[in-house]
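Look at the sequence and the model first, then read on.

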Amino acid sequence: MTALVAIRNLTRIFDVSKPWLNRVLERRPRALLTAVSDVSFEIPERKVYALVGESGSGKSTIGKMVVGLLQPTEGSVEVQGVDLSRETDQARIEAVRSDIQMIFQDPFASLNPRWKVRDIVAEPVAAKGGNTHGLAERLLEQVGLSALDAGKFPHEFSGGQRQRICIARALASEPRLIVCDEPTSALDVSVQAQVLNLMSDLKDEFGLTYLFISHDLTVVQHMADTIGVLYLGRLVEEASPDALFDDPKHPYSQMLLAAAPKMDGFGREVDPPKGEIPDPINPPSGCAFHPRCPIAVDRCRSERPELRAIRGTRVACHLAQ
Amino acid sequence: MTPPVLSVRDLVVDIPTRDTTLRPVDQVSYDIAEGEILGVVGESGAGKSMTGNAVIGLLDRPAHISGGEILLNDRRIDNLPYEQMRRVRGKEIGMVFQDPLTSLNPLLPIGDQLTETMLEHLGIDRGEAQERAIAALEEVGIPAARERINSYPHEFSGGMRQRVVIALALCAEPSLVIADEPTTALDVSVQAQIIALLKRLCRERGTAVMLVTHDMGVIAEAADRVAVMYAGRLAELGPVRDVLTAPHHPYTDGLMGSTPLASKGKHRLHQIPGAMPRLGDLPDGCAFNPRCPKAQDRCRANPTPTLADCNGRAACWYPLRTDDAHDMRIASA
Ligand SMILES: Nc1ncnc2c1ncn2[C@@H]1O[C@H](COP(=O)(O)OP(=O)(O)OP(=O)(O)O)[C@@H](O)[C@H]1O
Ligand SMILES: Nc1ncnc2c1ncn2[C@@H]1O[C@H](COP(=O)(O)OP(=O)(O)OP(=O)(O)O)[C@@H](O)[C@H]1O
Ligand code: SF4
Ligand code: SF4
Ligand SMILES: [Mg+2]
Ligand SMILES: [Mg+2]
């Protein structure tokens, strides 16, 4: 299987220091926040790779680096063999960029309220001087809206309909990869079902590849071919949905899955997880999960575990087996 | 039989607007018994918060109660003067909202907020209130409570703040807690901590709880009974396992089918066509009829039935029998 996307040792550090003068006056050092730390994975063509993790785990930062909205501090994102931050041939970069689109969580904020839907949907093609005649109308029908909607403004649509408009826009440039950042988190379940079904259909129809970002484990299980679990910017486990849900191998994955509410968990007494996610500016040494890990040993405090293969999954834990 | 802690009867809330009157809550009736958790679910705009706010007497003008009654421990509270209702809210009803900062005073240390509430409602002295405040914070899992009692709300994480709010909601020993989306803004692991905490405290004290959420999983794990709301009305009401595994109302059935289900793996999600109507734009007849696969002429010709019009379980002229509800899948999973 060829990988459409190859992410290698990806790291992103944000400088969250106070302004220089405050630092000097208050005698504070620079504060660096590592949002993504040495993450590597591949997304095969026509597959859905999902990233899950709690708030601040680095999901969106990875998504933004993949579409080129953010530059990596270290490591690389290769799409179709082109390393987007090192390639010098502008034409190749442009060609790859137009193969990647992004859909965001908030269908209200991501549509320009002054533009007609026709112009919004056709924008990615118009920006490159392509032919947009009838394009928006065709795409709107493909996402289950009507060609007549092209003449309306975003405020005339419900949340689910707006997300369809975002999807239509993402499809306009005939991309091969769509990065979907919490595409249904703002939607009600019945509308979420409509959007998820649509995304599955379009994937089959156009041979799309998705990087699907979500904090909702059931949604991820439903959509993904492969799931990557993030904790504090690190990839801690990568597995198929079945392997992850039947037999999570990383202690954090185990904790997360045990904590997630179950629709058939009537009266279940959960032994809730202990502690909170640590401060990303001063992450724990060694394995970042060690202060909360029920099985941590001395080695975990000093040595960061590498991802290693265990029965078809990859796990970053010294003790997992 | 002991009377329910909360009894809501035929509650109607109206919002007069320039050209019409909107009705976000329409003939809603339910009871909550001592120690019972009633889950209230439904999609955005269903009227869940309005129902809760009507109970605690905090409807934003111009919304107001225009029908029905609300009884707390057998006493009517929907018609109390403002000052009296304010005391009921502090003493007998605890509140937990989605954003903990709405319940906390940003300028006051958390310990003072707890002691003030207890001083006002419990008739104890300051020293004892102080000790009880520390105990309350320890009980909700604030580490080093004695040292942190002088901290301000902004010095806590979101999950810790929500714990403080729960301590505050329960410190005057109320008989009813209204929790409106208490974990919606929180991560899965923090949500599990907060829900476990709420369940434990309420069970230990026999507090009645109205738990509003749109998360069916949270409802399944926490609630004893569940009320499903649609367009301002109760669509279905019953024991949580019965309603979720064998819904009688077509809307509940649709909701369950559209929720991705872990045990089902990859499957096509059931779709309810369309979206919930806006209040000013309700269809004639049963409010669900344009989206309902079972709708008949009768549903378009008659107003939405109430639970009492039907079998007490589902507000529907043609309830699904358990055998044709396609959601036996949970029970068999
Ligand atoms: N532009 C930025 N400047 C400084 N810090 C940032 C910036 N963007 C993200 N971060 C930090 O990086 C970390 C990862 O953030 P990111 O948005 O990728 O998380 P996420 O997994 O998408 O979380 P969520 O579920 O809340 O969307 C967080 O600690 C965040 O505060
Ligand atoms: N001031 C107002 N004027 C007109 N309509 C209002 C007003 N306040 C609320 N509504 C409407 O009342 C209905 C019920 O709102 P409510 O907040 O109870 O919904 P909810 O079920 O809590 O939804 P959510 O899940 O989004 O919190 C909604 O349709 C809402 O748009
Ligand atoms: S490496 Fe150690 S601390 Fe980290 S998850 Fe594994 S056992 Fe726990
Ligand atoms: S009353 Fe009719 S339209 Fe309404 S839910 Fe029942 S079958 Fe459907
Ligand atoms: Mg994000
Ligand atoms: Mg609400």
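The text below goes through the chains, their contact, a helix pair, the ligand surroundings and some backbone details.

**The chains**

The model is predicted. The secondary structure of chain A consists of 11 helices and 12 strands, while chain B has 12 helices and 10 strands. For chain B, the globule rule gives 20 Å for 333 residues, and the radius of gyration is close to that at 21 Å, so chain B is as compact as a globular protein of that length.

| Chain | Extent along the principal axes |
|---|---|
| Chain A | roughly 65 × 55 × 45 Å |
| Chain B | about 65 × 50 × 45 Å |

**Where the chains meet**

How many residues of chain A are in contact with chain B? There are 32 of them, and they touch 37 residues of chain B. On the chain A side, the helices α7, α8 (residues 217-223) and α10 (residues 251-259) each provide at least two residues. The most come from α7(A), which gives seven residues. Sorted by class, the side of chain A that touches chain B holds 16 nonpolar, 10 polar and six charged residues.

**A helix pair in chain A**

Helix α7 of chain A (residues 189-206) also packs against a helix of its own chain, α6 (residues 159-172); their axes come within 9 Å and cross at roughly 15 degrees. Because angles under 35 degrees count as roughly parallel, α6(A) is roughly parallel to α7(A). The crossing of α6(A) past α7(A) is right-handed.

Which residues of α6(A) and α7(A) meet? From α6(A) come A:Gly159, A:Gly160, A:Gln163, A:Arg164, A:Ile167 and A:Leu171. Facing them in α7(A) are A:Val191, A:Gln194, A:Val195, A:Leu198 and A:Leu202. By class, this contact has six nonpolar, four polar and one charged residues.

**Around the ligands**

Ligand 2 has 14 residues around it, and the nearest are B:Pro24, B:Ser44, B:Lys48, B:Ser49 and B:Met50. Strand β2 (residues 21-32) and helix α1 (residues 48-55) of chain B each supply at least two residues of this shell. The most come from α1(B), with three residues. The shell around ligand 2 divides into seven nonpolar residues, six polar ones and one charged.

Ligand 3 has 13 residues around it. Which of them come nearest? They are A:Cys287, A:His290, A:Cys293, A:Cys300 and A:Cys317. In the shell around ligand 3, 10 residues are nonpolar, three are polar and none is charged.

**Backbone details**

In chain B, the peptide bond that joins B:Arg61 and B:Pro62 is cis, with omega about 5 degrees. B:Pro62 is placed in the loop between α1 and β4 (residues 64-72) of chain B.

In chain A, what is phi of A:Gln80? Phi is near 50 degrees, a positive value, and A:Gln80 is a residue other than glycine. A:Gln80 is found in the loop between β4 (residues 74-79) and β5 (residues 82-83) of chain A.

Key. Residues numbered from 1 in each chain as written. Chains lettered and ligands numbered in written order. Predicted model: local features only at pLDDT ≥ 70, side-chain atom pairs only at ≥ 80, totals over all residues. Axes fitted to C-alpha atoms, helices over the stretch in contact; angles between N-to-C directions. Helix = DSSP H or I, 4+ residues; strand = E, 2+ residues; numbered from the N terminus. Parallel < 35°, antiparallel > 145°, perpendicular 65-115°, else oblique. Left-handed = near helix turned anticlockwise from the far one by under 90°. Contact = placed C-beta atoms within 7 Å. Nonpolar A, V, L, I, M, F, W, Y, C, P; charged D, E, K, R; others polar. Near = placed C-beta within 6 Å. Rg over C-alpha atoms; globule rule 2.2 N^0.38 Å.
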